[in-house]
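Keep the view open as you read.

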Amino acid sequence: MSCELHKINYVNQILQNETYRGYLKQNEEKERERIFCHHDLAHFLDVARIGMIINLEEGYGLPQEFVYAAALLHDIGRWKQYEDGEDHAAVSARLCGPILTACQVPEDEADLIRGAIASHRDAAVRDEKSLRGLLYRADKLSRPCFGCRAEGACNWKADKKNRELIR
Ligand SMILES: [Fe+2]
Ligand SMILES: [Fe+2]
């Protein structure tokens, strides 16, 4: 098996991981009545694919598995923010550790993924040409404010909202 194939397999392992699936279920339960954006697998895949487009178009040179793993895990702790208000970037960065270990992600790669998740709401990383900057941008670009019926009631700042599909 080539090295590249091995790395891509850890992304598939994350998708099958029981703990991971449990967090997705908790997000789903908390967001059943939510009119604003959800934090579900569809959002994670949007972020992964937009992230890969940026990665390729702008020559970030990041391995595919970094982009996918960070996107799949970046909001897994959103359910806890609904419960007690703890920032979900911090929760998700904490909760993803055991999943990365269980999926045999090498420690140096896991550190980069955790760091990108921890800062995915921090505008200060936006322009970094790194996994951190890429995750921040892909996450924000993934939200279809231009077609959202709840946009008027959403508390996202005006300059963050995507009112056009392509700028
Ligand atoms: Fe988030
Ligand atoms: Fe997100």
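A residue counts as buried if 20 or more other C-beta atoms lie within 10 Å of its own, and as exposed if 12 or fewer do. The model shown is predicted.

Q: How many of the residues of H4 are buried?
A: H4 has 10 residues and is mostly covered. Among its buried residues are Glu65, Phe66, Val67 and Tyr68. Ala69, Ala70, Ala71, Leu72 and Leu73 are buried as well.

Q: Which element gives the most residues to the largest nonpolar core?
A: This core has 35 residues. The elements that give it two or more residues are helices H2 (18-30), H3 (41-57), H4 (64-73), H6 (88-102), H7 (107-118) and H8 (131-141). One of them gives 8 residues, the most to this core: H4.

Q: Which residues have the most contacts inside the largest nonpolar core?
A: In soluble globular proteins, nonpolar side chains tend to be buried together. Here the core holds 35 residues. Those with the most contacts inside it are Ala69, Ala70, Ala71, Leu73 and Ile117.

Q: Which residues does leucine 73 touch, leaving out those up to four places away in sequence?
A: Leucine 73 is one of the buried residues of H4. With residues up to four places away in sequence not counted, leucine 73 touches Ile14, Ser92, Cys96, Ile99, Ile113 and Ile117.

Q: Are H4 and H7 parallel or oblique to each other?
A: Two packed helices are described by the angle between their axes and the distance between the axes. For H4 and H7, the axes are 9 Å apart and the angle is about 45°. Angles under 35 degrees count as roughly parallel, and those from 65 to 115 as roughly perpendicular. H4 and H7 are therefore oblique.

Q: How many charged residues are in the contact of H4 with H7?
A: From H4 come Phe66, Ala69, Ala70 and Leu73, which meet Glu109, Leu112, Ile113, Ala116 and Ile117 in H7. Of the residues of this contact, 8 are nonpolar and none is polar, and the number charged is 1.

Q: Is the crossing of H7 and H8 left-handed or right-handed?
A: The axes of H7 and H8 come within 8 Å and cross at roughly 40°. Leu112, Gly115 and Ala116 of H7 make the contact with Leu131, Arg132 and Leu135 of H8. The crossing is right-handed.

Q: Is asparagine 155 buried or exposed?
A: Asparagine 155 lies in the segment after H8. Because 5 other C-beta atoms are within 10 Å, asparagine 155 is exposed.

Methods. Residues are numbered from 1 along each chain as its sequence is written. Chains are lettered from A and ligands numbered from 1 in the order in which they are written. This is a predicted model: local features need pLDDT of at least 70, side-chain atom pairs count only at pLDDT 80 or more; totals for chains, interfaces and linings use all residues. A nonpolar core is a set of buried Ala, Val, Leu, Ile, Met, Phe, Trp, Tyr and Cys residues joined through C-beta atoms within 7 Å. Helices (H or I, at least four residues) and strands (E, at least two) are DSSP runs, numbered from the N terminus. Two residues are in contact if their C-beta atoms, placed from the backbone, lie within 7 Å. Axes are lines fitted to C-alpha atoms, for helices over the stretch in contact, and angles run from 0 to 180 degrees between N-to-C directions. A crossing is left-handed if the near helix is turned anticlockwise from the far one by less than a right angle, and right-handed if clockwise. Angles under 35 degrees count as roughly parallel, over 145 as roughly antiparallel, 65 to 115 as roughly perpendicular and the rest as oblique. Ala, Val, Leu, Ile, Met, Phe, Trp, Tyr, Cys and Pro count as nonpolar, Asp, Glu, Lys and Arg as charged, and the others, Gly among them, as polar.
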